[in-house]
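Welcome! Here is a short briefing to read with the structure open beside you. Take a moment to look it over, then follow the topics below.

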Amino acid sequence: LFPYTTLFRSGKHSYVIVLSRQLNIQASTRFITLAHEMCHVATELKDDHGPAFEFWRQYIADLGIFKNGALRKGLTIF
């Protein structure tokens with residue numbers, strides 16, 4: 001049973017981001033993939049890498065998500 005099935009049925013969450021273990025082996029890759037997918041969720045999947053997506057990417061960048069150690073000590077994702 002997929003662990004998030006209950007969340008979908010309960011109506012508590014609109015989106016679930018699932019990362020491939022095979023494609024996201026390194027921590028930096030996992031974090032950058034998650035940040036990318038978070039931007040899609042922020043646009044409610046209505047903007048495929050367009051202006052709304054770029055707005056959210058820039059917003060999280062301005063908050064410092066890509067700075068050294070922001071997500072994990074000693075790790076830079078960009």
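Helices here are DSSP runs of H or I with at least four residues, numbered from the N terminus. By that count, Phe-55 is found in helix α3. Please keep in mind that this is a predicted model. The protein has 3 helices and 0 strands, and along the sequence its pattern reads α-α-α.

**Confidence**

- For the protein, the mean pLDDT is 82, and 82% of the residues reach 70 or more.
- Where is confidence lowest, and where is it highest? The lowest mean, 54, belongs to helix α1 (residues 5-10), while α3 has the highest, at 94.
- Where pLDDT is low, the predicted coordinates should not be read in detail.

**The protein as a whole**

- Of the 78 residues in the protein, 21% are buried.
- Taking contacts between residues at least 6 apart in sequence, 31% join residues at least 24 apart.

**How α2 and α3 pack**

- Helix α2 covers residues 27-42 and helix α3 covers residues 51-62; the two pack at an angle of about 130 degrees, and their axes are 9 Å apart.
- Why are α2 and α3 called oblique to each other? Angles over 145 degrees count as roughly antiparallel and those from 65 to 115 as roughly perpendicular, so the pair, at about 130 degrees, is oblique.
- The crossing of these two helices, α2 and α3, is right-handed.
- On the α2 side, the contact is made by Ala-35, His-36, Cys-39, His-40 and Ala-42; on the α3 side, Phe-53, Trp-56, Arg-57 and Ile-60 take part.
- Sorted by class, the contact of α2 with α3 has 6 nonpolar, 2 polar and 1 charged residues.

- Trp-56 lies in helix α3 and is one of the residues that make the contact with α2.
- Which residues does Trp-56 touch, leaving aside those up to four places away in sequence? They are Cys-39, Ala-42 and Thr-43.
- Is Trp-56 buried or partly exposed? Its relative accessible area is 30%, and buried means under 20%, so Trp-56 counts as partly exposed.
- Trp-56 and Val-41 are 15 residues apart along the chain, and their C-alpha atoms are separated by 9.7 Å.
- Phe-55, also in helix α3, is partly exposed, with a relative accessible area of 48%.

**The loop between α2 and α3**

- Glu-44 has its place in the loop between α2 and α3, and Leu-45 lies in that loop too.
- Leu-45 is not a glycine either, and has a positive phi of about 60 degrees.
- Glu-44, at a relative accessible area of 45%, is partly exposed.

How values were computed
Residues are numbered from 1 along each chain as its sequence is written. This is a predicted model: local features need pLDDT of at least 70, side-chain atom pairs count only at pLDDT 80 or more; totals for chains, interfaces and linings use all residues. Side-chain values use heavy atoms; hydrogens and water are left out. Axes are lines fitted to C-alpha atoms, for helices over the stretch in contact, and angles run from 0 to 180 degrees between N-to-C directions. Angles under 35 degrees count as roughly parallel, over 145 as roughly antiparallel, 65 to 115 as roughly perpendicular and the rest as oblique. A crossing is left-handed if the near helix is turned anticlockwise from the far one by less than a right angle, and right-handed if clockwise. Contact means heavy atoms within 4.5 Å. Ala, Val, Leu, Ile, Met, Phe, Trp, Tyr, Cys and Pro count as nonpolar, Asp, Glu, Lys and Arg as charged, and the others, Gly among them, as polar. pLDDT is the predictor's confidence in each residue, from 0 to 100. Buried means under 20% relative accessible area, exposed over 50%, partly exposed in between (1.4 Å probe, protein chains only).
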